[in-house]
Every structure is written in C-alpha cells, then in structure tokens.
There are 2 protein chains.
Amino acid sequence: MPFWLGRQAAARGDQWAVLAAGGRWTFADLAREAGAWAGRLHALGVAPGDRVAVLMGNSAGFVALVHACSGLDAILVPLNIRLSPAEIGWQLADCGARVLIHDGDRAAAAQHATAEAGCRAYSVDALAQTAVPAAPALPAAIDLQQVQAVIYTSGTTGQPKGALLTYGNHWWSAMGSALNLGTHTTDRWLACLPLFHVGGLAILMRSVIYGLPVVVHESFDPAAVNAAIDADGVTIVSVVSTMLRRMLDARGGTPYPASLRAVLLGGGPAPRPLLEECAARGVPVVQTYGLTEAASQVATLAPADALRKLGSAGQPLLPTALRIVGPAGDLPAGAVGEILVQGPTITPGYLGRPEATARALRDGWLHTGDLGYRDADGYLYVVDRRDDLIISGGENVYPAEVEAVLLAHPAVADAGVIGIPDPQWGQVVQAAVVRQPGSTLTAEDLLSFCRARLGRYKVPAAIRFMDTLPRNAAGKLLRRALRTDSPEEALP
Amino acid sequence: MPFWLGRQAAARGDQWAVLAAGGRWTFADLAREAGAWAGRLHALGVAPGDRVAVLMGNSAGFVALVHACSGLDAILVPLNIRLSPAEIGWQLADCGARVLIHDGDRAAAAQHATAEAGCRAYSVDALAQTAVPAAPALPAAIDLQQVQAVIYTSGTTGQPKGALLTYGNHWWSAMGSALNLGTHTTDRWLACLPLFHVGGLAILMRSVIYGLPVVVHESFDPAAVNAAIDADGVTIVSVVSTMLRRMLDARGGTPYPASLRAVLLGGGPAPRPLLEECAARGVPVVQTYGLTEAASQVATLAPADALRKLGSAGQPLLPTALRIVGPAGDLPAGAVGEILVQGPTITPGYLGRPEATARALRDGWLHTGDLGYRDADGYLYVVDRRDDLIISGGENVYPAEVEAVLLAHPAVADAGVIGIPDPQWGQVVQAAVVRQPGSTLTAEDLLSFCRARLGRYKVPAAIRFMDTLPRNAAGKLLRRALRTDSPEEALP
C-alpha cells in the first residue's frame, strides 16, 4: 500500500488537503509540512515504534503531526485535552511515550504531567520556530498491519485503556464509509469534533485516503459550522446530538444548502424528536454507531434509508459483520442483546493489556458492551451502553429511552438518566435535566409528562435540575459524573 | 469478507441490482436467481473449484450465472462469443471446463466446440425451464484469495492465456475505481461492452460491491446508449473509442444531461481529435488504461483532470503502483518504456502456464508489454502495445501516433497502422484507412496531410482504403489481422 499522503501529493499535489484557520494547505503543502515535522521529531530522538503523545486542540499543525508520525513509523498517541495533569501523566506512563507535543493552551498541564511520567514535553509553537533538520524521506509504502495510533477510550465506563489502531483499520473504515455514504470528488468533510477522538482522527485518514480536503475547526461553534456549510463547501459534517441541536437552534428557519449531503450523527443513541425535526427540516442526518475499537463507524444508516429507518444506526459497513447475543447465544430480530462486531476495522487489542484484550476480543468478535437489536430487515438499533443499564425491580430500564421522553418535552434542553441505589427496588431512575432558558418547568409537571409516556418503573424517582450536564470532549454524556454531584432539587 | 451479493440482498434487497431487457431485478431478486442457477449447476455436477464456461451475449441471465458460480465456489470462464468453434474448443480443453452454458445464438458453436473438448453443453434457455433443484445455500463469506474467473486474454498478440482473477483482484479494483471516480448513491453503470471481457465483468463486480444497479445492454447500439443516459438514469458508461465516436455521431448536437458524470474510455490510446471534441461538447470523458491481468483499470484520469491532462490515462489507482522501465532500468519523466504494474488488482498468474506466468510476473511486477511514459506530474500516457511497435530505419514508430494524425483528417472515419517488411528500412509504415461515407479522399491527399504533421520516417509508405477495420468484441483494433488482407489500393 503506497503511503497515502505521498501518493496524494504526487497525484493531486495542487488540490486542497487541509482548510483550517491556521493553515490552508494543498496535498503538496501537507506532505512538506509533515516532512518538516518528521525532521523535527527525528531530531528529538523519535525512532520507529516510539510513541509520540500529542496534547493539542484542533489545528492544521495537529494534522501535520499525525502524518509526521506515520512518516517516521512512530505511533501517534492523541490525548484528550480535558484530562487533568494526573490523568495525562498516567496515560503517558502507560504508553511509554517518548515525547509529548503540546500547544500553548496546554503548556502548564504538559509540564506538570511529563514531570511525573518521565517524558519530555515540547511546545509545538517553539518547535515550529526551529530550522528543519535533515530527516529520512517520507516512506513510499505503509504496512496495513502496522499500528498508527493508540487512542485511550473515553473512560466513561472504567479505567482508560489504549486501543491500538492499525493503518489497515483506518483503510477498511474509510472503504466501508465510502461504500455506504458514497464519495464525491467535490466532498469536503468538516472536523469540528476533537481530532484526538477517533471520530475526528478518522476524518483525517479518510482525507488522505480519498484525496479530498478536510475542513478543521478549532472547536465547535454552531454558527461557524453553519457558515462553513454555506460558504466553505462543506458537504459532510460529523457531530453528536447536542452539537446538531445547537446547529439547528443557531440556524433558525434557514434551510441548509443541497451541497450538504450528510450530517453523520454519532456519540450514542440520538433523541427521536431531534431526528424527527431533521427529517421535517430536510437536514440529511444519518445516524452512525461507532467505537474507538472499530476505528470509528461500525454501522451507519444509508442516506436513502434516513426517513424509512428513523432512529436506526443502519447496516454494518461492508467489511464488518455484526451479531446480537444474549446469555444463550444469538438473538432473533427485535431482541435486545450485546452488540458483537467483527471485521478488518477492529483493533488488534489494547496496549499492554492482554487480559482486557482477551476479554474484549473473544473468538474473533469484539464484545462492545453496548446493547442493541436488529429489526426484521437487519437494521441496527443501539439501545444503550450496557454499563449504564438500570435494573429496577427486576425490569430493565435503558437510560436512553427515558432521556428521549424527557427531551421530547418542549421546555427541556438536555437530559441525562442514571440509576441510583434504592432499598426497595434495587435501583431507581434519577434524571438530571437542563431547562430551556426562561422556562419555569417544575419537576411535577415533567413527571406528569413522563407518566403519560413511560411504564411506571421507567418514570424517574427523582429529577434534578442543573445548569449543564457533564459531557466529554466528544459530546458523550458522562453518566458516571452525574452520580457525584449533589442534587439541586429532588422529588419526592 | 461477506459474500457481496448476499450482503446487498440483506442490506438493500428492495433496490435495483440489474436493469436489462430480459429482467429487472432487485438485489433480493438477483440473490434468488443466483441461488436458483446455483441449484441447477449443482444438479449438473458442478462442484467447488470446477470451471463453468459461459458462451453468452449480455443478458440478465449472464449476471445470475456469474453469481451462481460464486455461490458454488466454482470458477467462471466467460468465453468470447466471436471465437470460432475450434477456438472455443481449445479454451474449453485448456481450462478443463466441466460444463458450457450457452444461449440460443451460440447453440451450434457450443455443440461443435464441446464435441471436441469432452465437455457437456447446456442451453441456458432449456435449463431455465427446469424446476430448481435443492442446492447449498449461497455462502455467507468469500475468500479474497480465491479465484473467481479465468479470462482468456484477447489474443491480439499471441496464443490465448487464461488469466486468473481472484475476488480480491475485483475488490481492490472496485475500491480503486471508487476512490478515483467517486461513488454516488445514485450511480447506475451501463454495461454495453461484452460481459465476457474484463471491462464488462468488472462492472458486475462493482455493482454487488457498491450495492448499485448495473444497466445491461445486449449489444452496443449508440442510440440505445444515448437513450439510456437520457431516460434510464445511467451516470457512468464504459466504452472504447469507436463506440464513443458512434455515440457522438448519433447524438448530433444535443448535449448530454448533467447526470452523466463519467464516460470511462478504455481499449487503447484514444484519438486526440475525439478527446478534443468531447472536451468541446462537455462530454465527461475520462481515459483509462486497463488490462485483463489487472482486473480492468490500472490507471484512470480523474474527472477533474480531464481537460488539463487531455490524452493521459491519469494516475494509477490508489492501491496500484506503476513503473516505466527501459533496458537499463527505471526511466525518467517523459521517456517511453514498458509499463510495469504492481498491486492487489494483479492476477496471480495464468491457468496452467507457469512459464508464461513467470515471464509476465517478474520480481512482483506485471510486465504489461505496453509502452508509455509519465509526465513530470506523474500522469501516464500510453503510447502503444509493444508488440505493435514499428522500427523503421532504426527509428521507433508508434502506430497510435500515426493513427491519431490520420484520424484528425476530416474525411477519415477509422485508421489502423502496421509495420510491413521492407528491404531497405527493415520495416515501413502501412496504413489502413476507412473513409467517411461519400468522401473522395485520395491516398495522395492523405499523405500530404501526414507529411505536414509527421516526421518523414513516420509517414505511411502505403495506404489501403478499406470498408471497415478488424476489431475484436471489445473494440480493440486487431493489427495482426490487418497484415493478412490483400490491399485494395496501395501507394506508391
């Protein structure tokens, strides 16, 4: 397999590769920048197989560093910028990073973290001022078996583990995505998700595999995303539900242009009212179910099915196989069980964690821990994360189902549901709710709304009103964090 | 890898798969038809690994048989319907075919050929009337290493050899094509080339890999192709130069609709005047250089480069690598040499021909025998088939270059050039020319035209006017056949 960036630089060197506030680069520019950064990393002693940690917000420089690591056969470790220095230090030590490259906003955290981890920290801005040392030329070929990155899973459900992603994982993911969404030679994919998460990194990989530009936003700004769709030729954007909600609110009644051909919606089950609003407004939203361990998308709803299968995450991507299993084996259509995934996009395992790898990868199948079912046509519906499952009086309660009802109330802006211990029922449902600005909604009103729509055991035993809900950088609700805060208001 | 047809039948069973005069099938229909034909072949004794020869014109039934063979792990041997019975018999014996399936028009040839080859012939129409016997279910998975078809190379340059094509060859070819041309969820690819050639078969493979319909025409009819583009939603069509010429002539001044997004032009170097006319008329023609041994496309001009690199076959497809070599090794940009190709689309070799395989595949590179060069930007220009190279007085003459000049004359409809022995110069150039209807062009006029545009040694020593030129079923000029006919008129 030819080195993707090198091939694109040769084949379409004069075409846009990266469009960011800090740099507008063609593929030839990007190859030159990646080569320069490979030279600087090489001068810092980075050798093939070394781990290079990156603690940076989204930027053109981040993109260059990704390909510079590939150029040196080094392994990228993109770190979550919202981590505490102690957490960063733990991950640096866990992966044995040789160097940490950070941007200006992360200087203090980087210094603190590396002091503990015995790893050297370098400012990307300071390095950029240095002359480019001689470096090995970017390689002509890449080995699909080789590890490209270690990505620590988000930690919403336990101790972080570094999932290994190979070039082959990315290649097959890009192929599967292309076969499902199509690829147009006019495509521009917007990365407003963090590049340190798999959803953002996968956009960079697709860019060099497809030979198409990526538009990089430093952070998520709904007005800026809307403007990029209108004026910068963005045809596909990857978002999570809360981001899409804010985009629609910022947009008002103005329709999106026909050039926007897909809004890829990930980060967990989406509220049905949001999907219905998108359908009514003609927003081409396609739900996807993805995992770090699967190099992003596992299943994605084809655009043609967006209305017919509203709420579904669609069919598994072509090279991927999928099973729904219960304690007694494979389950029939309609039955909820654990989602198992197999195929060339799946991680070979977790760095230095043979037990965790063996637990996750059994008989060649990744056990995702997520719950879902397939309908009679084989479409996947993701119900919830298994670890968030609430069992109350022997009945299963899927938080997402309760959240969808809460979110359907016009005065509710955001909602999260957890189980809390209860002496009578084992667990009961507790809801955290963010009201719409200016709303005077009471807990009793909201509970009446729920009682009319949910089985008794699913109705929250308590509602806490909050100003905002804890979400990670990818927009995923941190249900664990909901358990630690003290309630502002509770019922009964 | 999931069995492509089965996966598409599950994922989009209700969407069109095959649109032909003899059948309009969804993917569910096609899976059912393929299953039925697998049952019939199984009842005829066809077992995994057996060769199933097919001697049929384009039809929906041909498509079903292709996938029926896959369903049985049998190997498809699509035969050229223009062969003589003796040639068919030779190929049947060479591949050890278990059965030959033929359509009505080929009944006599099939009976004659199988009598010699010790292989049984069956009429597809008679079989279709029989009840469907029980058969093994279509497989859930396919092995990319496994051979899907044996395709005999066209024989313009020697004894036919059966090139093995694996599922992996087709998969990577489809991926490379998708990355270059893009795939749109609205695509419909028209197969008016013979399905027994790799260019047609590859369309069928892309159809089940992409999950998009193929439109099948029984034979090439320029008015029918134009109508399919206007009314049947055809977005891509694969043709050779003479077909495109006839399409344009039949079309008159009516522009093609914007939904036609690519005319993939293969079958050898294209006349520059044709390309220029397409550019002027807004026909989205993209030249491709392909080979049976590479599962069709090797290099294809990206649509964005169609004007900027007129006459080029573009860049190699992404997983493919390409070299231009002379006797002393790799050649610099601009220098003409043999085209070598490497990558996952390349045949593992020729059936039962270890010497021919070793000659063609040396050090992991397919030696194509074709001549070309890359420009400074790396774009491939195919100059000619090596075996057609004329050497006159020590100077190399590439027939295609002379043909392009002849074709540029407004009174010339078709032209072919060969070398004939000459006592003084070794070889001299001889041209065969078809005049436009009603033209009174003389050889002397045409030679004057050539002298003004070609170096002296390239100007034909003789011109023969003919009614038509010998071409094979794929539209490729049979230069060898030009050598055997007696001239109608010669100069000097």
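Predicted model: local features only at pLDDT ≥ 70, side-chain atom pairs only at ≥ 80, totals over all residues.

Among contacts in chain A between residues at least 6 apart in sequence, what percentage join residues at least 24 apart?

Guide: In chain A, 65% of the contacts between residues at least 6 apart in sequence join residues at least 24 apart. The secondary structure of that chain comes to 15 helices and 26 strands. Its radius of gyration is 23 Å, close to the 23 Å that the globule rule gives for 492 residues, so chain A is as compact as a globular protein of that length. Along the principal axes, the C-alpha trace of chain A spans about 70 × 50 × 50 Å. Of the 492 residues, 53% count as buried.

Now the sheet itself. Nine strands of chain A form an open sheet with mixed pairing, in the order E2-E1-E10-E9-E11-E12-E13-E14-E15. Its edge strands are E2 (23-26) and E15 (315-316) of chain A, each of which pairs on one side only. Helix H2 (residues 27-43) of chain A packs on this sheet, where H2 touches strand E1 (16-20) and E2 of chain A. The direction of H2 makes about 105 degrees with that of E2(A).

Elsewhere in the order, strand E9 (residues 189-191) and strand E10 (residues 214-216) of chain A run parallel and are joined by three bridges. One pairing can be named: A:Trp189 has A:Val214 in E10(A) as its bridge partner. Strands of a sheet pair through backbone hydrogen bonds, either parallel or antiparallel.

Helix H8 (residues 198-210) of chain A runs at about 145 degrees to E9(A). H8 lies across E1, E9, E10, strand E11 (236-240), strand E12 (262-266), strand E13 (285-291) and strand E14 (296-300) of chain A.

The loop between E13 and E14 of chain A holds A:Ala295. Phi of A:Ala295 is near 60 degrees, a positive value in a residue other than glycine. A:Ala295 is buried, with 32 other C-beta atoms within 10 Å. A:Asp363 is found in the loop between strand E19 (361-362) and strand E20 (365-374) of chain A. With 7 other C-beta atoms within 10 Å, A:Asp363 is exposed.

The buried residues of helix H1 (residues 4-12) of chain B pack against E15 of chain A, together with helix H2 (27-43), helix H3 (60-71) and helix H8 (198-210) of chain B. Eight of the nine residues of H1(B) are buried, so that helix is largely enclosed by the rest of the structure. Among the buried residues of H1(B) are B:Trp4, B:Leu5, B:Arg7 and B:Arg12.

Taken as a whole, the interface has 21 residues of chain A in contact with 21 residues of chain B. Helix H1 (4-12) and helix H7 (167-181) of chain A are the elements that give two or more residues to the side of chain A that touches chain B. By class, that side has 14 nonpolar, six polar and one charged residues. Of the interface residues of chain A, 100% are also interface residues in chain B, so the copies meet through the same surface.

Chain A can be laid on chain B with an RMSD of 0.1 Å by a turn of 179 degrees and a shift of 0.0 Å along the axis. The two copies are thus related as by a two-fold rotation axis. A:Thr183 comes closest to that axis of the residues of chain A, with its C-alpha at 2.5 Å.

Strand E7 (residues 147-152) of chain A runs antiparallel to E8(A), joined by five bridges. In that pair, A:Tyr152 has A:Gly162 in E8(A) as its bridge partner. Five of the five residues of strand E8 (residues 162-166) of chain A are buried, so E8 is largely enclosed by the rest of the structure. A:Gly162, A:Leu164 and A:Thr166 point one way from E8(A), and A:Ala163 and A:Leu165 point the other way.

The other pairing lies in an open sheet of three strands of chain A, ordered E24-E25-E26, with mixed pairing. There, E24(A) and strand E25 (residues 426-435) of chain A pair in the antiparallel sense over ten bridges, and A:Asp414 stands opposite A:Val434 in E25(A).

Methods:
Residues numbered from 1 in each chain as written. Chains lettered and ligands numbered in written order. Pairing = 2+ DSSP bridges. Helix = DSSP H or I, 4+ residues; strand = E, 2+ residues; numbered from the N terminus. Contact = placed C-beta atoms within 7 Å. Axes fitted to C-alpha atoms, helices over the stretch in contact; angles between N-to-C directions. Nonpolar A, V, L, I, M, F, W, Y, C, P; charged D, E, K, R; others polar. Least-squares fit on C-alpha atoms with pLDDT ≥ 70 in both. Buried ≥ 20, exposed ≤ 12 C-beta atoms within 10 Å, placed from the backbone. Rg over C-alpha atoms; globule rule 2.2 N^0.38 Å.
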